[in-house]
Amino acid sequence: MGLDWLAGNKAKPGHERRFREILERIVAEDYLGPGLDEATVAEWMQIGVPAYETVGAPRVGIDTAASEWLLQRIREDQPKPGLLRALVSRFQRGGAGALTPEEQAALRQSHGYHVLELAPPCDGLPWYSNASLMRDKLNLTSFRGAFLNDCKEMLGTELLESAWDRKLPEDLAAYGQTLRTKADAWAQAHGCEAMRDLLEPPPEAAQGSPESVAHITYSAARWCLYWGERGHWLDVWF
C-alpha cells in the first residue's frame with residue numbers, strides 16, 4: 001500500500017486553543033468525520049498556517065525570484081540570464097510594458113503563490129517525495145512514507161504500522177525521535193553512520209542495503225522532527 005506523509009497546518013498565533021480543539025477531532029477520525037461540518041472545517045482552515053509558509057518559500061509578485069520562476073515556465077523561449085529579472089523588477093515598479101498581457105495576467109493571478117522549488121533547503125523538504133509525480137495531490141513538503149516498507153527489519157511491525165496513523169505535533173516529533181534512535185542503532189551495527197546527515201543517498205546505497213535503510217529512516221526522522229517541533233501535525237494519504 002502506498003503512503004505519503006503530509007505536513008498539516010499549524011495554528012495561527014492567538015488561535016491555538018480553538019485550532020487544537022478541532023485538530024484533535026480530525027486526528028481521532030478516519031477522515032474529517034461526520035462530527036465536523038463544513039463551517040467548522042472552513043474555520044479551522046482559516047486559523048491555520050500551511051506548511052509552505054513555514055519553509056520560507058519566496059512568493060510570486062512579492063519576491064523577484066519567484067516571479068521570474070513563474071515567467072520562465074510560461075514563456076516558450078528561454079531568454080538570456082538576467083533578462084526576466086529585469087522585466088519582473090520593472091513590472092513590480094509599475095512599468096509593465098515589457099510583459100505581454102498574458103504574462104501580466106499570470107503574475108496577477110498567481111500573486112502570493114509560494115514557490116517551494118526556491119525555498120531554502122531544510123529537513124521539511126525531503127529527498128524522498130512523490131511530489132514531482134503527483135503535483136495535483138502533493139507538494140514538495142510531502143514525504144513518501146511508503147519507503148519505510150524497506151525498513152521493516154529495522155523498525156519492526158508496530159513502529160512501521162504507526163507510519164499510517166495521523167499524529168498530533170508532539171506525537172509526530174516523538175515518532176521522529178524514535179525513528180532516529182532506531183536508525184542510530186542500525187547504523188552503528190552496520191557501519192553506516194555517515195548516512196545520518198546526508199540529504200541525498202550515496203550511489204552505494206542500493207535499495208534494501210543497510211545504507212539505504214539507514215538513509216531512509218534518518219530522512220524520515222528529520223522530517224518528523226522538523227514539522228512536529230514547529231507545531232505541524234501529520235496527515236496521511238494512501
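Begin by selecting Arg18 and Glu21: the two form a salt bridge, and their closest N and O atoms are 2.9 Å apart. A salt bridge here is a side-chain nitrogen of Lys or Arg within 4 Å of a carboxyl oxygen of Asp or Glu. The model on display is predicted; local features need pLDDT of at least 70, side-chain atom pairs count only at pLDDT 80 or more, and totals for chains, interfaces and linings use all residues. Residues are numbered from 1 along each chain as its sequence is written, and side-chain values use heavy atoms, with hydrogens and water left out.

**First stop: helix α1**

Colour residues 16–28, which make up helix α1; Arg18 and Glu21 both lie there, 3 residues apart, or about one turn of the helix. Helices (H or I, at least four residues) and strands (E, at least two) are DSSP runs, numbered from the N terminus. Are these two side chains buried, exposed or in between? Arg18 is partly exposed, at a relative accessible area of 28%, and Glu21 is also partly exposed, at 40%.

Glu43 is partly exposed, at 31% relative accessibility. Show the three residues together: Arg18, Glu21 and Glu43 are linked in a network of salt bridges.

Next select Glu170 and Arg20, which form a salt bridge whose closest N and O atoms are 2.6 Å apart. Here too distant parts of the chain are linked: Glu170 is in helix α9 (residues 169–190) and Arg20 in helix α1, 150 residues apart. Both ends are partly exposed, Glu170 at 40% and Arg20 at 27%. In total, the structure holds 9 salt bridges.

Move to Arg144, in the loop between α6 (101–109) and α7 (152–155). Arg144 is buried, with a relative accessible area of 19%. Which residues does Arg144 touch, not counting residues up to four places away in sequence? They are Gly2, Leu3, Asp4, Tyr128, Ser129 and Asn130; contact means heavy atoms within 4.5 Å.

Now select Cys122, Asp123, Leu125, Pro126, Trp127, Leu199, Ser219, Arg222 and Trp223, which line the largest cavity. A cavity is a set of points, on a 1 Å grid over the protein atoms alone, where a 1.4 Å probe fits but cannot get out; lining residues have an atom within 4 Å of a point. The structure holds 1 cavity of 30 Å³ or more, and about 60 Å³ of space lies in the largest cavity.

**Last stop: the whole protein**

Finally, zoom out to view the 10 helices and 4 strands. Of the 238 residues, 47% count as buried. Among contacts between residues at least 6 apart in sequence, 70% join residues at least 24 apart.

Notes. Buried < 20%, exposed > 50% of the residue type's maximum accessible area, 1.4 Å probe, protein only. 1 Å grid on protein atoms, 1.4 Å probe; cavity = no way out; pocket = protein on both sides within 12 Å on 5 of 7 lines; lining within 4 Å. Points joined across faces, edges and corners; volume = space filled by probe spheres on them.
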